[in-house]
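Please keep the model in view while going through the numbered points.

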Amino acid sequence: MKAILFREIKSFFGSPVGYLVVAIFLLLNGLFLWVFEGEYNILNSGFADMTPFFTITPWILIFLIPAVTMRSFSDEKKQGTLELLLTKPLSLWQIVTGKFFGSLLLIVIAMLPTLTYVYTISSLGMPEGNIDLGSTLGSYFGLLFLMGGYTAIGLFTSSMTENQIVAFISSVFLCFVFYYAFDGLSTFLPSAEGIVSALGMNNHFRSMGRGVIDTRDVLYFVSLSIAFLSFTVYQLKSIKN
């Protein structure tokens, strides 16, 4: 698994892809949070908290993570190297988890500079340091699990086709469905609103953002990620056979 992970990281940063992902993520967040006028502008909100960041970031990641994962297996198929990869002395789970953690690590690296936002907002607070660290840390943990879910979905769609654009669009669609569609659907089913909403990522992400890490939220994200990684392994198994 380590060999696949390092291979993925080397591939990302051996080309402009890795640097482009980090740059685009930080640029979009910086523009919406500090430059553009609107509800996401932290300086105009009047509150020393990270709520605008944690509101907009999941939407940016819906497009950014599929852009990272779309080439994971699609490119291997197109270049004809997937069959070679499958013949190596690695289990399918080692191959899939290696690519999973490689892609996830790239997004985590892109996320690290945003920790400076916490320091900046804390310094701007009145009094200085007036920021809810519990809620902030909980939201960061929520983002980590959310990124894991998005990444697992992206790998699955990438394993389904050799066309990277198709993989990207399919991944964006599925990420959107699991992040927001269940919340939207729950408004039309008031009798089962809580149950339907609980099927979506947004419900569990918001729950973790309150500063309390509930095992039910963690179990949801872990189960979702494992489910889509299992689908990816099954897809590779069908190709191998």
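1. Arg7 is partly exposed, its relative accessible area being 37% (buried means under 20% relative accessible area, exposed over 50%, and partly exposed in between, with a 1.4 Å probe and protein chains only). This is a predicted model, in which local features need pLDDT of at least 70 and side-chain atom pairs count only at pLDDT 80 or more, while totals for chains, interfaces and linings use all residues. Residues are numbered from 1 along each chain as its sequence is written, and side-chain values use heavy atoms, with hydrogens and water left out.

2. The side chains of Arg7 and Glu76 form a salt bridge at 2.9 Å, N to O (a side-chain nitrogen of Lys or Arg within 4 Å of a carboxyl oxygen of Asp or Glu). Arg7 belongs to helix α1 (residues 2-13) and Glu76 to helix α5 (residues 74-79), so the pair ties together parts that are 69 residues apart in sequence. Helices here are DSSP runs of H or I with at least four residues, numbered from the N terminus.

3. Glu76, at 6% relative accessibility, is buried. Glu76 also forms a salt bridge with Lys99, with 3.3 Å between the closest N and O atoms. Since Lys99 lies in helix α7 and Glu76 in helix α5, this pair ties together parts that are 23 residues apart in sequence. Lys99 is buried as well, with a relative accessible area of 1%.

4. A further salt bridge joins the side chains of Arg206 and Asp183 (3.2 Å, N to O). Arg206 is in helix α12 (residues 201-208) and Asp183 in helix α10 (residues 164-186), 23 residues apart. Arg206 is partly exposed at 39% relative accessibility, whereas Asp183 is buried at 12%.

5. Which residues of helix α8 (residues 115-124) are buried? They are Tyr117, Val118, Ile121 and Ser122. Seen down the axis of α8, these buried residues fall within an arc of 130°, so they line one face of the helix (the arc is that of the directions from the helix axis to the C-beta atoms). The face turned away from the buried side of α8 carries the exposed residues Tyr119 and Leu124.

6. Leu146, placed in helix α9 (residues 133-160), is buried with a relative accessible area of 0%. Leaving aside neighbours within four places in sequence, Leu146 is in contact with Pro58, Tyr179, Met201 and Phe221 (contact means heavy atoms within 4.5 Å). Leu146 and Ser225 are 79 residues apart in sequence but 9.2 Å apart in space, C-alpha to C-alpha.

Conventions
Helices (H or I, at least four residues) and strands (E, at least two) are DSSP runs, numbered from the N terminus.
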